[in-house]
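Here are my notes on the model you passed along.

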Amino acid sequence: MKGMNLESLVSLTEIRSATDYATATQQPSSNGDGRGTDDDTWTLEAGRNGEDSLGQSKDDANEGSAKQGLSTVYSRAPLGLSAPLVRVEVHLGAGLPAFHLVGLPEAVVRESKERVRAALLTSGFGFPDGRITVNLSPADLPKEGGRFDLPIAIGILAANEQLPAGALEGREFYGELSLRGELRDTPKLLPALVEGSRSGRELILPASNSLEASLVSDASLKLAHDLRQVCDALIGLTVLSGPHDSVEPSDEDGHGRGLPTMQDSAYLHDGAPRDDAHRRARHPPVAADITRMGVTALTNETVPDLAEVRGQFAGKRALEIAAAGEHGLLMIGPPGAGKTLLAQRLPGLLPPLTKSEALEVASLESAAGRKPVSGSRRPFRSPQHTATVAALISGGALMPGELSLAHLGVLFLDELPEFDRLALEALREPLESGVVNLIRYQRSCEFPARFQLVAAMNPCPCGYVGDPRGKCQCTAEQIARYRARLSGPLVDRIDIHIELMALPVEHLLVESQERPETSATVALRVAAARQIQLQRQGKLNARLSPPELERFCELGRDSKALLSTAISRMGLSARAYHRVLKLARTCADLAGVPNIRRIDVAEAVQLRALDKPIS
Ligand SMILES: [Zn+2]
């Protein structure tokens with residue numbers, strides 16, 4: 001082999017045994033391009049040693065495999081949050097040179113063929129002369145993008161005996177190739193890495209996807225920069241590092257431990273690891289979690305702090321109650337009242353995501369074709385009011401939309417009445433069920449969408465009704481029509497509605513004496529209140545069902561009296577009554593008291609601004 005040094009000679013034993021194995025069940029190649037025997041040492045060795053074979057048969061290998069002119073490589077298709085296995089089958093036949101790709105959309109096929117051909121040639125491999133047929137099955141899966149470039153290239157090399165047959169066993173391959181053979185950053189990969197790792201196979205993927213790889217805590221992920229490096233690793237000339245390797249592992253005789261060698265008995269016999277215990281030892285199952293490395297790498301971005309917001313004590317208190325009980329929040333106030341500033345600070349009051357939650361959020365980001373950047377921070381999504389129903393529900397073909405990108409975080413809808421009515425209607429179902437169902441390509445796909453809804457609106461079309469300077473010119477009819485744009489049932493699903501006043505000018509000018517509380521301080525109270533709720537009832541107050549409300553939100557006699565007065569004055573619906581109970585429960589939990597007090601009920605009633613007649 002060209003440029004072979006002493007170090008790589010050490011691996012030659014492996015290579016020889018690999019090619020012994022390859023030739024043991026094969027006839028000499030009849031349609032190679034000749035390059036293999038001219039300047040590829042291991043193929044030359046294979047020719048010489050082909051006779052003293054290992055005598056093992058693997059005709060019915062069900063793992064990735066290769067026989068003469070035929071190979072199967074495993075990869076996975078992106079299908080929402082799942083990643084079904086795809087078999088990339090390559091057949092090399094006699095005949096005029098042709099390259100057929102079956103099972104992919106036409107435009108993708110054309111590009112992929114060109115990339116694979118160029119990448120093989122520029123990486124120094126021979127491109128088979130005869131008729132190449134590549135089939136991606138199952139055929140009915142939506143297969144997009146270039147992630148199948150690497151498996152197709154590897155499959156061609158294996159079918160053409162430029163790679164040993166056993167190199168494909170127990171592995172999955174992912175990655176788009178450049179014309180020069182470099183592995184490119186490949187989108188939507190994280191769900192495939194999670195599912196692939198659970199399969200126990202080793203996954204080989206582009207080094208530029210190391211961020212996604214670092215989120216899956218498993219040793220069976222291997223990163224490569226280009227096609228050549230993958231092939232060198234498959235024949236034992238180099239060792240690929242994993243996303244968590246600081247130093248490339250190697251044992252005393254210079255063999256890397258990253259990739260199993262062909263001498264590894266577990267990989268002989270039938271092409272599958274010999275037993276489950278061995279398999280587990282080599283590929284420990286992926287816990288759905290994120291490594292410490294992954295989280296710290298991602299959480300450097302600053303989160304806006306509550307201390308930056310001056311005044312607006314009622315708004316801050318409502319935000320704290322919303323955070324503590326996971327209640328929906330609607331803020332009504334004129335422009336400049338700080339509605340958006342407050343909403344942006346809600347994630348900073350919520351407890352950080354757990355490891356498995358963070359992986360779930362990162363997988364949704366990846367499935368949407370984005371780089372996962374949230375880390376342990378809760379997502380904050382604020383789609384424009386021009387967003388269509390489609391954009392809220394889905395980000396395109398089987399991609400999560402805004403509601404799912406806000407999963408386990410905050411969905412902020414500014415200028416709520418300006419949203420399309422259908423878009424608002426589309427929120428109702430996910431608000432109840434916590435999931436979004438998509439149907440595309442005759443497949444249904446479910447994305448989680450358990451978000452906390454925060455909305456903001458002006459009190460009237462111009463925004464200044466009630467302004468002491470008399471700025472508002474809106475008629476009563478215009479105001480009524482504006483508010484009627486919110487569907488009753490949607491507003492009814494939002495526990496808290498508060499009115500915010502614009503800050504008086506003196507508040508803005510005079511440097512306040514107050515030492516504003518930081519988000520961290522409030523977050524401690526929120527965490528304590530959440531702990532009380534989870535210990536008492538196993539869920540947060542916003543999610544209590546009516547029977548649970550009766551059980552956990554019992555009122556004393558004077559609290560009851562106060563509430564019935566409020567009900568008769570405000571004409572509360574049964575649903576609104578339940579909201580008040582929940583909110584009173586959260587106020588009591590924030591105070592750390594076991595029984596709901598009169599003051600808690602009074603505060604809860606104040607948090608139902610829209611139940612009051614329009615002033
Ligand atoms: Zn107005």
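The points below go from overall confidence to helices, sheets and a few loops.

1. **Ground rules.** Residues are numbered from 1 along each chain as its sequence is written. This is a predicted model, so local features need pLDDT of at least 70 and side-chain atom pairs count only at pLDDT 80 or more, while totals for chains, interfaces and linings use all residues.

2. **Confidence.** The mean pLDDT (the predictor's confidence in each residue, from 0 to 100) is 78, and 77% of the residues reach 70 or more. Two stretches fall below 50: residues 1–61, with 92 contacts in the model beyond near neighbours in sequence, and residues 247–300, with 107 such contacts. A contact here means that two C-beta atoms, placed from the backbone, lie within 7 Å. Where pLDDT is low, the predicted coordinates should not be read in detail.

3. **Overall make-up.** The protein has 25 helices and 17 strands; these are DSSP runs numbered from the N terminus, helices being H or I with at least four residues and strands E with at least two. Of its 615 residues, 46% count as buried. Buried means 20 or more other C-beta atoms within 10 Å of the residue's own, exposed means 12 or fewer, and partly exposed is in between, with C-beta atoms placed from the backbone. Among contacts between residues at least 6 apart in sequence, 74% join residues at least 24 apart.

4. **H12 against H24.** How do helix H12 (residues 313–325) and helix H24 (residues 574–591) pack? Their axes are 9 Å apart, at an angle of about 95°, and the two helices are therefore roughly perpendicular to each other. Axes are lines fitted to C-alpha atoms, for helices over the stretch in contact, and angles run from 0 to 180 degrees between N-to-C directions. Under 35 degrees counts as roughly parallel, over 145 as roughly antiparallel, 65 to 115 as roughly perpendicular and the rest as oblique. On the H12 side Glu-320, Ile-321, Ala-324 and Gly-325 take part, meeting Lys-582, Leu-583, Thr-586, Cys-587, Asp-589 and Leu-590 of H24. The residues of this contact divide into 5 nonpolar, 2 polar and 3 charged.

5. Glu-326 lies in the loop between H12 and strand E11 (329–332). Phi of Glu-326 is near 60°, a positive value in a residue other than glycine. Glu-326 has 19 other C-beta atoms within 10 Å, so partly exposed is the label.

6. **H6 and its surroundings.** Helix H6 (residues 149–159) is mostly covered, with 11 of its 11 residues buried. Among them are Asp-149, Pro-151, Ile-154 and Leu-157. Glu-161, which follows H6, has a positive phi near 60°.

7. **Sheets.** An open sheet of 5 strands runs in the order E12-E13-E16-E11-E17, with parallel pairing; two strands pair if DSSP finds at least two bridges between them. Its edge strands are E12 and E17 (496–499), each pairing on one side only. Inside it, 4 bridges join E13 (residues 410–413) to E16 (residues 452–457), and Leu-411 has Leu-453 as its bridge partner. Elsewhere, E9 (residues 202–206) and E10 run parallel, joined by 4 bridges. In E10 (residues 221–224), Leu-221 and Leu-223 point one way and Lys-222 and Ala-224 the other, and all are buried.

8. Is Lys-188 buried or exposed? Lys-188 counts as buried, with 24 C-beta neighbours inside 10 Å, and has a positive phi of about 60° although it is not a glycine. Cys-462, in the loop between E16 and helix H18 (476–484), is in contact with Cys-472, Gln-473 and Cys-474, leaving aside its neighbours within four places in sequence. The C-alpha atoms of Cys-462 and Cys-472 are separated by 6.5 Å.

Terms used
Nonpolar A, V, L, I, M, F, W, Y, C, P; charged D, E, K, R; others polar.
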